[in-house]
Amino acid sequence: MGLLAQLKDQVFLARRTQNALTSSPNAQRLLDLIQSKEARAGVIGLGYVGLPLAMTIATSGFKVTGFDIDPGKIKAVEARKSYIEAVPDDILASTCDNGTFEATSDFSKLGDCDVIAICVPTPLTKYRDPDLSYVENTCREIAETLRPGQLVVLESTTYPGTTDGIVKTILEKTGLTSTEDFFLGFSPEREDPGNRDFHTSTIPKVVAGDGPDAAELMTAFYGSVVKTVIPVSTTATAEAVKITENVFRAVNIALVNELKVVYEAMGIDIWEVVDAAKTKPFGYMPFYPGPGLGGHCIPIDPFYLTWKSKEYELPTRFIELAGQINTAMPRHVVGRLAEALDVHQGKALSRSKVLVLGLAYKKNVPDIRESPSLKLIELILERGGNVAFHDPYVAEIPKTREYSELMGMKSVAWTKDSIGSFDAVLVATDHDNIDYQQLADWSPLIIDTRNAFARRGISASHILKA
């Protein structure tokens with residue numbers, strides 16, 4: 001069966017399930033509210049996942065309350081100013097003005113919500129263990145107003161077993177029971193900042209529930225707001241789906257990063273190799289090297305599975321090796337930078353001025369979560385270098401969990417005098433709105449980690465790849 005046929009079957013299943021009878025009166029009442037779109041949804045965490053989800057739900061005909069502890073986000077919503085690229089100002093304004101969306105930091109209003117989606121961060125500790133404190137604290141807030149007939153959904157990426165072992169455990173301390181009083185589900189977020197081909201409503205949504213009633217409610221609700229719903233058997237399975245997607249990417253990126261280092265020693269251009277290999281119409285998928293991993297998903301999520309697997313005394317060799325390779329990339333790049341400065345400029349890194357081009361973790365977005373550029377800046381500073389950055393999307397480095405000492409550093413001006421004053425430019429993020437020909441003309445030495453110049457047909461002896 002082809003993928004299209006499978007998706008059609010899933011959609012049919014979703015529609016059929018919406019019309020089925022449930023075994024619980026609480027579930028039936030909630031199902032009726034969902035099908036009539038009289039259910040109020042609550043979205044906790046109005047970041048890169050939560051705000052687009054809230055907009056998708058609101059524009060589908062449901063009323064939505066967004067919750068966040070950051071007063072800046074609440075003020076931005078009240079001012080009808082979106083802080084997430086995927087949400088245009090006019091869409092945010094229209095949902096606020098017509099009463100389908102409101103934002104608040106008053107978590108007592110969770111009791112008014114029939115469906116509650118948890119979209120909070122799931123970072124790692126400094127020891128690379130899962131930090132589920134945001135999820136745990138959020139569940140405690142929900143528990144304060146939990147009532148019969150609510151559906152609680154975890155969307156935050158985590159290890160298999162979190163929904164059942166943590167969310168359910170905290171919520172059932174209220175005396176209410178999952179599958180009878182309230183209902184519990186998991187549906188992994190699949191946001192891709194900067195991707196203009198897919199949006200929250202058009203990305204197939206994997207859903208699962210704790211028991212058949214919850215599964216039915218999950219399918220009914222998400223089937224009302226996205227085009228394609230993919231039900232799976234258990235919440236742990238849905239959690240594993242998201243981990244698998246990110247492990248796949250992390251391992252393949254690590255492979256091409258390792259090949260980059262090997263081919264570099266052989267005098268072979270990894271970018272040329274990948275471009276030629278991807279012409280094969282079967283059996284190959286292109287992945288590209290870089291200065292390290294960024295974003296919330298790939299650098300973090302695979303380690304959730306690595307941590308969980310220890311409970312079963314099973315090693316995750318591929319994941320751990322991939323993590324080691326990808327984590328080593330910033331140091332490799334800074335090593336190449338130091339070597340290039342020595343050979344081409346006759347200067348030590350400790351006596352050089354370096355500009356890091358691009359602070360965002362991927363091109364054409366302002367998202368700096370887990371950006372390798374932050375690590376690159378830190379490593380250059382550790383080696384005594386004078387470092388600054390330029391990013392057309394990021395004016396200033398905000399407060400971050402791991403790089404608080406960099407807070408307040410501002411993007412330098414894009415002028416010939418400013419850019420030309422640096423001994424070297426390290427291209428970490430290949431934003432499309434950079435004039436690379438100007439950069440080639442202005443800078444005496446360029447280290448390109450993204451193949452940005454070759455892709456534009458620009459080559460010169462002072463432009464090196466890393």
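User: How many cavities of 30 Å³ or more does the structure hold?
Analyst: In this predicted model, the structure holds one cavity of 30 Å³ or more.

User: What space lies in the largest cavity?
Analyst: The largest cavity contains about 100 Å³ of space.

User: Which residues line the largest cavity?
Analyst: Its lining consists of Val-49, Leu-53, Glu-155, Pro-188, Glu-189, Arg-190, Glu-191, Thr-200, Ile-203, Pro-204 and Lys-205.

User: And how do the residues of that lining divide?
Analyst: Five residues of the lining are nonpolar, five are charged and one is polar.

User: Moving on to pockets, what volume has the second largest pocket?
Analyst: The second largest pocket has a volume of about 510 Å³.

User: Which residues lie nearest its centre?
Analyst: Pro-52, Ala-86, Val-87, His-199 and Thr-200 lie nearest the centre of the second largest pocket, out of 25 residues that line it. Thr-200 also lines the largest cavity.

User: Where does the largest share of that pocket's lining come from?
Analyst: Helix 3 (residues 50-58) supplies the largest share, three residues.

User: What is the lining of the second largest pocket by class?
Analyst: The lining of this pocket has 13 nonpolar residues, seven polar and five charged.

User: Now the surface: which residues make the nonpolar patch?
Analyst: Val-262, Met-266, Ile-268 and Val-273 make a nonpolar surface patch of about 310 Å².

User: Where is Val-273 found?
Analyst: Val-273 belongs to helix 10, which spans residues 270-277.

User: What is the relative accessible area of Val-273?
Analyst: Val-273 has a relative accessible area of 30%, so this residue is partly exposed.

Notes
Residues are numbered from 1 along each chain as its sequence is written. This is a predicted model: local features need pLDDT of at least 70, side-chain atom pairs count only at pLDDT 80 or more; totals for chains, interfaces and linings use all residues. Side-chain values use heavy atoms; hydrogens and water are left out. On a 1 Å grid over the protein atoms alone, a cavity is a set of points where a 1.4 Å probe fits but cannot get out, and a pocket is an open set with protein on both sides within 12 Å along at least five of seven lines; lining residues have an atom within 4 Å of a point. Grid points are joined across faces, edges and corners, and a volume is the space filled by probe spheres set on the points. Ala, Val, Leu, Ile, Met, Phe, Trp, Tyr, Cys and Pro count as nonpolar, Asp, Glu, Lys and Arg as charged, and the others, Gly among them, as polar. Patches are made of residues with over 30% relative accessible area and no salt bridge: like charges are joined within 9 Å, nonpolar side chains (Val, Leu, Ile, Met, Phe, Trp, Tyr) within 5 Å. Accessible areas come from the Shrake-Rupley method with a 1.4 Å probe; for residues, only the protein chains shown count as cover. A salt bridge is a side-chain nitrogen of Lys or Arg within 4 Å of a carboxyl oxygen of Asp or Glu. Helices (H or I, at least four residues) and strands (E, at least two) are DSSP runs, numbered from the N terminus. Buried means under 20% relative accessible area, exposed over 50%, partly exposed in between (1.4 Å probe, protein chains only).
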